[in-house]
Amino acid sequence: MIAQSFQYESPGTLAEAIALLNQYGDEAKVLSGGHSLIPMMKLRFASPGYVIDINGIPGLSDIKEENGVVHIGALAREADLEHSALLAKYFPIFKDVTKLIADPQVRNMGTLGGNLAHGDAANDHPAVMIALGASVIITGADGEREVPIDEFFYGFYMTAIQQGEILTEIRLPVPAAGTGNAYHKLERKVGDYATSGVAVQLTIGSDGIVTAAGIGLTNVNPVPLRATRSEEALVGKPLTEENILLAAQYASEDCNPSADLRGSEDYKRHVTGVLVKRMIKKAAERAMAS
Amino acid sequence: MIQCKTSKAIGGMGHSLKRKEDARFIQGKGNYVDDVKLPGMLYMDIVRSPYAYAKIKKINIEEAMKVPGVVAVVTGRDLEKYNLHWMPTLMSDTQMVLPTDTVMYQSQEVAAVIATTKYAARDGREAVIVEYEPMKPVIDPFKSLDPSAPVLRSDKEGKTDNHIWNWKAGDKEKTDTLFETADVVVKEQMHIPRIHVASIETCGCVADYSKVNNHLTMYMTTQAPHAIRTVIALVAGHVGLTEEKVRVIAPDIGGGFGGKVPVYPGYVIAIAVSFLVGKPVKWIEDRSENLQADSFARDYHITAEMAGTKDGKILGTRFKILADHGYTDASANPSKFPTGMFSIATGSYDYGTTYMECDAVYTNKPPGGVAYRCSFRVTEAVHAIERITDRFAFEVGKDPADLRMQNFIKKEDFPWKSPTGWIYDSGDYHAGLQKAMDALNYDELRREQAEKRAKGELMGIGISTFTEIVGAGPSKDFDILGIKMFDSAEIRVHPTGKAIARFGTKSQGQGHETTYAQIIAEELGIPAENIAIEEGDTDTAPYGLGTYASRSTPTAGAAAAIAARKLRDKARKIAAYLLEVSEDDLEWEPGKFFVKGAPEKAKTIQEIVFAAYTNHPQGMEAGFEATHYYDPPNLTFPSGAYICVVDIDRETCEIKVRRFVAIDDCGNIINPMIVQGQVHGGLTQGIAPAMYEELIYDESGNILNGTFMDYLVPTAVESPSWETGHTVTPSPHHPIGAKGVGESPTVGAPPAIANAIVDALTPFGITHLDIPITPFKIFKALQEKGVFAS
């Protein structure tokens with residue numbers, strides 16, 4: 001468990017970091033919390049020649065609300081998300097998800113930006129971001145661009161981030177009144193990747209009609225998956241048991257899990273359906289209480 | 001309640017003394033092998049095989065030698081020049097140190113890289129290029145005896161198949177007849193999975209050979225330093241390393257659990273390299289190496305059968321075992337017991353007929369197996385008997401608690417001779433189970449279960465009432481490589497009445513520095529805090545076979561008590577001299593002798609010891625020291641009654657252990673707090689194989705879960721809130737009536753959990769599931785029963 005030798009860079013500004021990424025090209029990797037990159041380096045699955053540590057760059061870990069949008073800096077730690085009063089107000093889902101990510105030591109280091117930029121469908125935040133309708137700010141030499149979460153994940157470890165760019169911020173629209181959200185994953189033991197994980201956000205009007213639904217699935221598809229048919233089964237209709245079960249059924253049909261030590265394809269589809277059902281109900285409960 | 005004979009200030013048996021060793025451990029000041037740093041020390045890393053079975057065509061070391069800092073690459077051909085490429089296992093099989101032509105399992109050692117830093121050694125390891133010619137491996141033990149299977153150990157002259165040995169116990173004819181005629185016969189095929197001890201500290205060593213003195217100091221993670229020194233001398237005596245030129249030091253150890261009993265190739269290579277270059281060589285495994293290559297535990301495929309009457313009387317048992325030993329039998333059993341103490345599998349029940357048989361086979365997997373927190377295959381035995389007992393209770397329609405009460409050996413029938421010949425020393429099984437049932441209101445739980453079942457909810461209650469067999473062992477039967485399994489204690493009391501005691505055992509977390517001091521405090525009245533305990537250095541400690549199999553208290557603990565009693569006898573003589581009375585006029589209370597009827601005329605143990613150095617009677621040997629080598633007259637037989645309550649999520653199949661009550665009987669208790677800690681740890685290592693852990697190989701012999709990401713060691717989060725208690729049935733033959741406890745919970749917990757889960761699933765016609773029982777495994781079983789769609 002010893003990484004190959006590499007050059008370590010610790011730029012003090014974003015511009016400097018981007019310049020280093022452009023200078024070293026393919027050979028460089030960005031280090032934020034390090035909980036994906038460093039294990040891969042120690043196992044020698046990844047051997048970057050240059051590691052660009054962005055932790056020394058100021059201003060990348062704020063969590064704030066501006067003009068109906070919640071901005072989360074890419075370096076915000078899992079522990080920051082877990083304990084943020086602002087996030088707790090709109091998004092109790094962050095408490096759900098962070099508590100299921102590894103252990104406190106990891107959460108003190110791991111970042112939201114790193115969790116997304118790694119591009120791994122087994123990570124938990126991608127599904128949450130899908131449910132919440134997030135967008136991602138990517139910064140390069142030519143400035144910032146905003147990418148909707150549905151256009152961010154391309155493939156296994158592949159995202160919209162291009163060479164010379166850094167993921168710098170996550171933006172979440174402040175949800176309308178009557179919104180609730182929830183996440184749960186089935187894991188074999190604490191800290192495990194999800195056998196299946198489900199994130200749901202629902203907005204329910206005063207007439208009981210669902211006006212918006214976001215459902216994201218963890219680790220049951222090669223890329224993080226939006227359960228579109230499940231969302232459609234709910235929106236514009238009252239939240240009946242029948243509709244919930246239909247949404248659950250669609251999710252278990254539309255995901256594409258692969259069999260591994262966590263379970264067979266059948267089991268993962270089955271669990272996905274069960275969790276979609278449970279998370280819809282939990283999100284609805286929170287929506288009613290809001 | 002535990003009655004203490006000594007004051008808290010003396011801190012003898014029964015006091016919950018805080019552990020002396022913890023002051024350094026909780027401050028991070030322990031001294032482990034990896035903390036040993038010597039001038040000029042080199043570092044070793046090991047190239048390992050990616051294949052389970054392959055010919056080595058070529059090992060190219062050129063690139064590795066170019067890595068800055070790399071000083072040597074050692075291969076099997078290099079060791080062959082010194083006849084060090086093979087070594088014996090503890091079971092008198094043979095194991096490669098480094099291969100010369102064939103690798104036999106994935107992650108087997110292939111070459112060693114020696115460098116000036118551990119980083120250079122790892123870079124060098126990555127640069128060694130090995131050309132292999134892969135062959136089709138034998139992975140499934142049931143196929144290893146097929147005539148078409150390749151003969152894996154063709155290195156052994158005349159070997160024509162993969163069979164290692166056959167072992168039998170009991171009476172075959174009588175048992176077969178019983179099973180033909182019995183009213184009720186039940187049978188289940190069960191696998192006790194291959195698991196790993198996964199101690200927090202991996203294995204490692206610093207081999208420090210001095211050419212000037214022709215002397216080797218070996219710092220290593222070993223549970224048995226003396227035995228290791230003898231083995232080194234036997235293996236390397238021909239190159240000059242005879243026993244007086246070898247010193248083995250086992251510093252602090254971060255968990256052993258049996259995995260640090262064997263000699264691993266890395267140790268031998270480090271010694272060989274240090275011997276050749278004359279510099280210290282450090283080798284420390286990383287986690288994956290430890291998990292993938294070091295000895296496994298268990299891996300028994302058992303067909304268990306029970307015969308009895310319709311009203312629930314057990315009449316007999318039959319066990320047929322297939323043991324998968326990997327490519328060599330590297331078990332850590334006493335020599336005469338290839339299946340360890342498996343013959344305890346007749347259990348806690350009063351019947352006279354059994355037959356058991358085991359065939360051991362070679363496969364292309366890592367060698368073993370070690371006794372993982374279990375006295376030599378007792379975990380396998382207890383799982384088999386406790387599962388099949390539940391199966392039998394289900395068959396005859398009896399509550400498993402009632403059926404056990406009906407069949408238990410009665411308290412008054414001890415000592416009791418088992419059908420395989422063991423003499424159970426003592427026990428009170430009825431009291432233990434009753435106490436466990438009372439602790440959780442068993443009848444009420446059964447009522448709740450019936451209600452839940454009616455509503456389609458899944459709740460299960462599982463019982464395990466096990467008999468352990470520990471404290472190996474009496475010299476007439478027990479030896480390892482010929483060395484009898486006694487153990488030793490040496491007590492030296494200083495003139496001011498403080499003491500040091502040394503032992504042939506070696507703590508890996510058991511708390512010997514505290515409990516041994518308490519035993520001596522109990523016998524001599526010297527406060528436990530004034531007694532230093534030392535273990536692990538062969539230059540200073542008396543010879544002993546080490547710590548494993550819950551043997552330390554039964555053997556070395558007994559030695560401590562007897563050595564202390566020798567000193568008390570001497571103290572009586574000195575006291576009589578000092579008080580000018582006859583020895584018969586003296587009475588002992590912990591800490592002093594006083595004159596009968598005149599308690600003011602007394603001499604404290606401290607005054608007596610001081611006199612032993614300053615004013616001892618004419619004709620008496622000066623000083624105050626004693627040594628004892630304790631050869632136990634019998635083994636000890638701890639027991640326990642465990643009850644587990646589970647709830648299973650009907651949709652996700654997740655298992656929640658709601659309650660777990662563990663009532664242990666380990667005889668007299670030395671330190672209740674340490675016993676409770678041992679039980680908590682052991683129970684957690686019991687849920688591990690029951691619900692989480694198994695080493696899994698694919699058909700090519702690739703390990704599928706060779707890291708902690710997929711080898712699921714349970715944590716505090718997975719552990720239920722353990723509810724512990726005890727009954728006390730002292731061992732009649734042990735000097736302090738103690739029996740040993742370290743392994744009981746690991747042995748007893750898995751069947752309680754498995755029985756509870758199966759109990760929850762009986763409405764679906766499920767009578768057995770192999771451990772580890774995971775949510776996915778339950779889903780599959782229910783899918784097979786049509787509960788879930790395919």
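Let's start with one pair of residues: in strand S30 of chain B, B:Tyr630 is the bridge partner of B:Asp487. Strand S24 (residues 487-493) and S30 of chain B run antiparallel and share six bridges. A word on terms: strands pair when DSSP finds at least two bridges between them. Helices (H or I, at least four residues) and strands (E, at least two) are DSSP runs, numbered from the N terminus.

Before we go on, please keep in mind that this is a predicted model, where local features need pLDDT of at least 70, side-chain atom pairs count only at pLDDT 80 or more, and totals for chains, interfaces and linings use all residues. Residues are numbered from 1 along each chain as its sequence is written, while chains are lettered from A and ligands numbered from 1 in the order in which they are written.

Back to our strands. They belong to an open sheet of four in chain B, ordered S26-S25-S24-S30, with mixed pairing. At its edges are strand S26 (531-535) and strand S30 (625-630), each pairing on one side only. From one strand to the next, the twist averages 15 degrees. Helix H13 (residues 512-524) of chain B lies across S24, S25 (499-503) and S26, at about 130 degrees to S26(B). Axes here are lines fitted to C-alpha atoms, for helices over the stretch in contact, and angles run from 0 to 180 degrees between N-to-C directions. Contact is when C-beta atoms, placed from the backbone, lie within 7 Å.

Now to another sheet in chain B. It is open, has seven strands in the order S3-S7-S1-S14-S11-S12-S13, and its pairing is mixed. The edges are strand S3 (70-75) and strand S13 (246-249), and the twist averages 20 degrees from one strand to the next. Strand S12 (residues 215-220) pairs with S13(B) in the parallel sense over four bridges; there, B:Leu216 has B:Val246 as its bridge partner. Which helices lie across these strands? Helix H4 (residues 118-127) of chain B covers S1 (42-48), S3 and S7 (109-115), at about 25 degrees to S1(B). Helix H6 (residues 225-236) of chain B lies across S12 and S13, at about 145 degrees to S13(B).

Next, helix against helix. The axes of H16 (residues 672-692) and H17 (residues 744-761) of chain B come within 7 Å and cross at roughly 45 degrees. That makes H16(B) oblique to H17(B); angles under 35 degrees count as roughly parallel, over 145 as roughly antiparallel, 65 to 115 as roughly perpendicular and the rest as oblique. Helix H9 (residues 378-396) of chain B also packs on H17(B), at about 30 degrees with the axes 8 Å apart, which makes H9(B) roughly parallel to H17(B).

How do the two chains meet? In all, 16 residues of chain A are in contact with 26 residues of chain B. Helix H11 (residues 265-289) of chain A gives the largest share of chain A's side, five residues.

To finish, the whole of chain B. Its secondary structure comes to 18 helices and 33 strands. The C-alpha trace spans about 90 × 75 × 50 Å along its principal axes. With 790 residues, a compact globule would have a radius of gyration near 28 Å, and chain B agrees, at 28 Å. That radius is taken over C-alpha atoms, and the globule rule is 2.2 Å times the number of residues to the power 0.38.

Terms used: Contact = placed C-beta atoms within 7 Å.
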